[in-house]
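Dear colleague,

Please find below the structure that I am handing over to you. After it I set out what was found, beginning with the whole protein and then turning to individual parts.

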Amino acid sequence: MEFWFSEAHTKHVKFSIRVDRQLYSAQSEYQRIDVFESKEFGRFLSLDGYMMLTERDEFIYHEMITHVPMAVHPDPKNILVIGAGDGGVIRELTRYSTVEHIDLVEIDPLVIEVSREYLPKTACRLDDPRVKIHFADGLRHVRTRENQYDLIIVDSTDPFGPGEGLFTREFYGSCFKALKEDGIMVNQHESPFYEQDADAMQRAHKRIVESFPISRVYQAHIPTYPSGHWLFGFASKKYHPTRDLNDVAWNMLGLKTGYYTTRLHVGAFLLPAYVEELLRDVE
C-alpha cells in the first residue's frame, strides 16, 4: 500500500510526494506539526498540512533569504529573525563570523523542539552562542524595538493562522522603526503564479512599499513550493539590492553555497513580465 502526502495548491491542483513513513505528528497550541520521510525529498516538515521545507530543496530558500541581504549590507552585526523555527536561516547566518547577535523569535516552541530532533540538517546551529531564542509573537516583539537591528529576516508561514500578523501594515511599519538608519528587511513574499497566492503577494508588497523608501522583489525556483516560482521581498532604508551589492567582498568570504551566487543575485531581481505587472498594479 502506498502512502502519499498531498498539498492543495489551488482547488484544482495538488502537489503529492510518496512517503515512506511518518516520523512525527502532534497538535501544538498553534498548529498541527508533521514530519515525514520520503525517498525523493528526504525528510520534510508540514504545518497545518502545508509543506514548509524538505531536506532536498531547503537550501534554495534559506540561501536566498539570507545571503542576498548579507551581500548588500556592509556590516550586519545585530540581526532579528522572525519565524524560522526550523533553524535554516540561523544555520546560514552563523556562517558569518562578523555577526555578533541574532534574536530568533518563534511563536511555537514545539516547532523548534521537533526540528532539533527530526531535522538536524537545518537545526544544527540553533545552539550557537550568538543566538538568543524568544518564544513570542513576532509582531509583539518588533513593536517594542527601535533603531536596534541591521537586518530583519521575516521567515514566516503563509498569511493565515500564526503567520497572519506578519503581513500587516503595522508589522512592516514596526520593522522599519526597529531597523537602524541603514537597515534592511527581507521577507518571504509568496508566489506570483496562482491567483490566491498572487493576491497575498500583492497585498504584502503594497504595504511594504508604503513603509520603506526602497522596495524590490526577487525570485527563486523552489520545486516543492506552489508552482515552483517563489518570491522574496527586499526592503531598505538606504541600500539598493543590486547597485549596493558588494560582490567582491562577499566572494572573498569563501562561503560554499548550493544555489546563491553573486551573479545569480543580480539576475534574481530581473522578473518576468507578468510579475512586474502584478507589482505595478499595487505600486
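Of the 283 residues in the protein, 57% are buried. Please bear in mind throughout that this is a predicted model.

**The protein as a whole**

The protein contains 10 helices and 13 strands. Its C-alpha trace spans about 55 × 45 × 35 Å along the principal axes. A compact globule of 283 residues would have a radius of gyration near 19 Å, and the value of 18 Å for the protein therefore agrees with that expectation. The accessible surface comes to about 12700 Å², and carbon and sulfur atoms account for 49% of that surface. Among contacts between residues at least 6 apart in sequence, 66% join residues at least 24 apart.

Strand β4 and strand β5 run antiparallel and are joined by 6 bridges. The hairpin between β4 and β5 passes through 3 residues, and Ser-38 stands opposite Gly-42 in β5.

Strand β5, residues 42–47, continues the arrangement with β6: these two strands also run antiparallel, with 4 bridges between them. They form a hairpin with 2 residues between the strands, and Asp-48 in the turn has a positive phi of about 50°. Leu-47 stands opposite Tyr-50 in β6, and Ser-46 has Met-51 in β6 as its bridge partner.

How many residues of β5 are buried? The count is 5 of 6, so β5 is largely enclosed by the rest of the structure. Strand β6, which covers residues 50–54, is mostly covered as well, with 4 of its 5 residues buried. As a general point, side chains in a regular strand alternate between the two faces of the sheet.

**Aromatic rings**

A search of the whole structure finds 15 aromatic pairs. One of them is formed by Phe-5 and Phe-36, whose rings are tilted, with 5.3 Å from centre to centre and 50° between the planes. Because Phe-5 lies in strand β1 (residues 3–8) and Phe-36 in strand β4 (residues 32–38), this pair ties together parts that are 31 residues apart in sequence. Both Phe-5 and Phe-36 are buried.

A further pair, between Phe-193 and Tyr-194, is edge-to-face: the centres are 5.1 Å apart and the planes stand at 80°. Tyr-194 has a relative accessible area of 17%, and because buried means under 20%, Tyr-194 is classed as buried.

Ring pairs also link a cluster made up of Tyr-61, Tyr-218, Tyr-225, Trp-230, Phe-232, Phe-234 and Phe-269.

**Selected residues in helices and a loop**

Thr-66 belongs to helix α1, residues 58–72. Is Thr-66 buried or exposed? Its relative accessible area is 0%, so Thr-66 is buried. Setting aside residues up to four places away in sequence, Thr-66 touches Val-89, Glu-92, Leu-93 and Ile-153.

Ser-174 is found in helix α6, residues 169–178. With a relative accessibility of 8%, Ser-174 counts as buried. Apart from neighbours within four places in sequence, Ser-174 is in contact with Val-142 and Arg-143.

Gly-138 lies in helix α5, which covers residues 138–143. Gly-138 also counts as buried, at 7% relative accessibility. Gly-138 and Thr-262 are 124 residues apart in sequence, and their C-alpha atoms are 30 Å apart in space.

Leu-253 sits in the loop between α8 (247–252) and α9 (262–268). With a relative accessible area of 48%, Leu-253 is partly exposed.

With kind regards

Conventions:
Residues are numbered from 1 along each chain as its sequence is written. This is a predicted model: local features need pLDDT of at least 70, side-chain atom pairs count only at pLDDT 80 or more; totals for chains, interfaces and linings use all residues. Side-chain values use heavy atoms; hydrogens and water are left out. Buried means under 20% relative accessible area, exposed over 50%, partly exposed in between (1.4 Å probe, protein chains only). Two strands pair if DSSP finds at least two bridges between them. Rings of Phe, Tyr and Trp (its six-membered ring) pair if their centres lie within 6.5 Å; planes under 30 degrees apart count as stacked, over 60 as edge-to-face and the rest as tilted. The radius of gyration is taken over C-alpha atoms; the globule rule is 2.2 Å times the number of residues to the power 0.38. Contact means heavy atoms within 4.5 Å. Accessible areas come from the Shrake-Rupley method with a 1.4 Å probe; for residues, only the protein chains shown count as cover.
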